[in-house]
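Here are a few friendly notes to read alongside the model. Please keep the structure open as you go through them.

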Amino acid sequence: MPTPRSVYTPEHEEFRGVVRDFLTREVAPYHDQWEIDGQVDKSVYRAAAAAGVMGFSVPEQYGGLGVDDFRYNAIVAEELAASHLSGPALTLHNDIIAPYLLRLTTEDQRERWLTGLASGELTFAIGMSEPTAGSDLAGIRTSAVREDDEWVINGQKTFISNGILSDVVIVVCRTDPEAGHKGFSLIAVEAGTPGFERGRKLDKMGHKAQDTAELFFADCRVPASNLLGTEGRGFYHLMENLPSERLSIAISAVAGARNIFDQTVQYAHDRQAFGQAIGSFQANRFTIAEMATELDIAQIYVDNCIAQVVEGTLSAVDAAKAKWWCTELHKRVVDQCLQLHGGYGFMLEYPVAKAYRDVRISTILGGTTEIMKDIVGRDLGF
C-alpha cells in the first residue's frame, strides 16, 4: 500500500472528487477524438471554469473563486496525470498563466484577461521556446521595440502549448539587446493582432490531444499597455514562478507513474505464465518492489515540496531536484511496467503503451534533466 499522505485536508479531497467528476463527464468521452484532431474542443475550458477546476485562484471580483492554495493546483495536476487525459491545458492555465496575471497585471489588464480566464472564455499560452533557444532562455531572439505607444514585435516561437487555441499569448521578448538578463520583457499578444500568425500544428510523438504550435511575429504591433509587469524584468518574472511550475511537472510525474504501476501490479497478479502469476517470479517481484519503494519516496519528497509552496518557502533548487528525479522515475517506471506487460504492453489499447509514448517529454519540458542537475550542482558550489 502507498504511504498515507497528510498534505491534503478533507476539503482538498472533496475537490479531488469534483475534478474526477469533471474529467469523467467532460473530457474522457471525447479524448480519443481530440487525439485524432490534435487539439481539444475549446468548450472544455468553459466547462472547466464552470466546474471550478480552472481559474479558481482568480479573485471573486473577477469571476473566480479566490482560492489561493497550491494544493488545489496539485490535485488538478495529479488527476489529469493519473487519468492520462493530457489534452486540456489546465495546469498551464492554473500553474503558469494565472500566477503571472495575478502578480503582474494592472487593473485594466485584470478586467480584460483575468475575467476571461475565470470564465474559460479566454485561453492562454506563453511563448518562451524558440528554434535556437529552449532551456537557455538567454538565447531568445524575439525582439520588441517601443515606438510611441506601441511595441513592435519580430521573431518566432516554437513548441508552444495551446498555441493554436490560445486567445492571448504572453510573449517573452528581448526589449534591450545590450542589457543581458535585464533586457527581457513579457508582452501579451492577442489573437487577430496584425503581424501575429500561427504556424503549423506540430506533429508530436505523444500528448496528441494538446495542441502545440509555431508562432510568428512580423512587425506585430501591440499597445504599450500590453506589457506585463516591469519592462526589463521579464527574465526575473519568469524565474519567480519557475519553482512551482517545475514542481507541478514532478507532481504529474509521480501521479502518472503511480497509476501505471497500480495497473501493472494488478496485471502481474492476473497474468499467468508457467502455471503462476508473473509477479511471483523473483525477478519480477524485485522489480515491482523497487518501483513501489521509489514511488513512495518520491511522493514524500513531492508532498514536502507542496507544503513548502503553501508556506512560500520552496526554493528553485528543491524544485529542480523534484523535477529531474520524479520525471526520470516516471520514465523508468513506465518502461519497466511495459516490459512486465510483455507483448500486450506494445498494444495501444493498453494504457501503459500510451503512457510510454507520452512520458518521453517529461524529462525535457520545463527545463531538461541536465539543466535541473546543473542548478543543483551550482548550488553546491560547482
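1. Two strands pair if DSSP finds at least two bridges between them. Helices (H or I, at least four residues) and strands (E, at least two) are DSSP runs, numbered from the N terminus. This is a predicted model, where local features need pLDDT of at least 70 and side-chain atom pairs count only at pLDDT 80 or more, while totals for chains, interfaces and linings use all residues. Residues are numbered from 1 along each chain as its sequence is written, and side-chain values use heavy atoms, leaving out hydrogens and water.

2. Start with strand β1 (residues 124-127), which pairs with strand β4 (residues 168-174) in the parallel sense over four bridges. Within that pairing, G127 stands opposite V171 in β4. In a regular strand the side chains alternate between the two faces of the sheet. Both faces of β1 are covered, with F124 and I126 buried on one side and A125 and G127 buried on the other. Here buried means under 20% relative accessible area, exposed over 50%, and partly exposed in between (1.4 Å probe, protein chains only).

3. Next, look at T175, in the loop between β4 and β5 (184-190). T175 is buried, at a relative accessible area of 15%. Its side chain makes a polar contact with the side chain of S185 at 2.8 Å; such a contact is a pair of N or O atoms within 3.5 Å, where within protein one must be able to donate a hydrogen and the other to accept it, and residues adjacent in sequence count only if both atoms are side-chain atoms. Leaving aside neighbours within four places in sequence, the residues in contact with T175 include W151, F184 and E231. Contact means heavy atoms within 4.5 Å.

4. The side chain of E79 makes a polar contact with that of R16 (2.7 Å). Not counting residues up to four places away in sequence, E79 touches R16, V19, R20 and L23. The C-alpha atoms of E79 and G256 are separated by 8.6 Å, although the two residues are 177 residues apart along the chain.
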